Amino acid sequence: MLSDEGLDLIFRQARTHSAWTARAVSEVLLQAVYDLAKMGPTSANCSPMRVVFVCSRAAKEKLRPALDPGNVDKTMAAPVTAIIGYDTRFYEYLPRLFPHADAQSWFVGNEALIEETAFRNGSLQGAYLIIAARALGLDCGPMSGFDKKMVDRIFFPDGRIRSNFLCNLGYGDANKLPPRAPRLNFDEACRIL
Ligand SMILES: Cc1cc2nc3c(=O)[nH]c(=O)nc-3n(C[C@H](O)[C@H](O)[C@H](O)COP(=O)(O)O)c2cc1C
């Protein structure tokens, strides 16, 4: 299993950051984050997550009007903002990703199943991406406070991909963190039958 140090890095000491140091995030590091996150499991290996890493000033300015007011400053200050989306035609890749069965035929024409599968597995992959980023030393600031329709119009104009959540990435300024809020304990959240 992971060392205590590793568990601290990705869970116990990892926080949601809103203030960022000036340290840059390289494209190579973003590729390394994706290359870890992609290995997390999805149903039928469907892998519906699609990511736009918004890094340039011009791209950040395109994102700005879609952000809830409380999310503007931290997002504009973060070195990178990942738009975590999901591909509503993920099933077109299934002959390659799940060659053991005709999995494509389970989805074609079933819009409700497509949406449910893409959203569930795309959300899981977004969580894997957060854990991968932390494992590689990055800090994360996930956000759902934004205008999805506007982001989709601006960044995914062909309508195939839908945004799910945003995640600021960089090196957080730990001095600006609020106190950690509590979590539910095992007995409140879990049952063993
Ligand atoms: C999917 C998701 C959406 C979130 N949306 C927002 C948001 O729009 N704005 C914000 O300030 N924080 C947002 N948060 C941050 C959470 O409030 C934060 O992760 C949580 O309180 C835990 O904080 P901690 O990691 O520092 O313990 C979001 C977190 C997640 C996972």
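Analyst: Helix α7 covers residues 111-135, 25 residues in all, and reaches 35 Å from its first C-alpha to its last, close to the 36 Å expected at 1.5 Å a residue; that expected span is 1.5 Å times one less than the number of residues. Helices here are DSSP runs of H or I with at least four residues, strands are runs of E with at least two, and both are numbered from the N terminus. This is a predicted model, in which local features need pLDDT of at least 70 and side-chain atom pairs count only at pLDDT 80 or more, while totals for chains, interfaces and linings use all residues. Residues are numbered from 1 along each chain as its sequence is written, and side-chain values use heavy atoms, with hydrogens and water left out.

User: Which residues of α7 are buried?

Analyst: An α-helix has 3.6 residues a turn, so residues three or four places apart point the same way. Buried means under 20% relative accessible area, exposed means over 50%, and partly exposed lies in between, with a 1.4 Å probe and protein chains only. In α7 the buried residues include Ile 114, Thr 117, Ala 118, Asn 121, Gly 122 and Gln 125, and Leu 129 and Arg 134 are also among them. After the helix comes Gly 137, with a positive phi near 95 degrees.

User: Are Asn 45 and Ser 47 buried or partly exposed?

Analyst: Asn 45 has 34% relative accessibility and therefore counts as partly exposed, whereas Ser 47, at 16%, counts as buried.

User: What does the secondary structure of the protein come to?

Analyst: The protein has nine helices and four strands, running α-α-β-α-α-β-α-α-α-β-α-β-α from the N terminus on. Its radius of gyration is 18 Å, close to the 16 Å that the globule rule gives for 193 residues, so the protein is as compact as a globular protein of that length; the radius is taken over C-alpha atoms, and the rule is 2.2 Å times the number of residues to the power 0.38. Buried residues make up 43% of the 193 residues.
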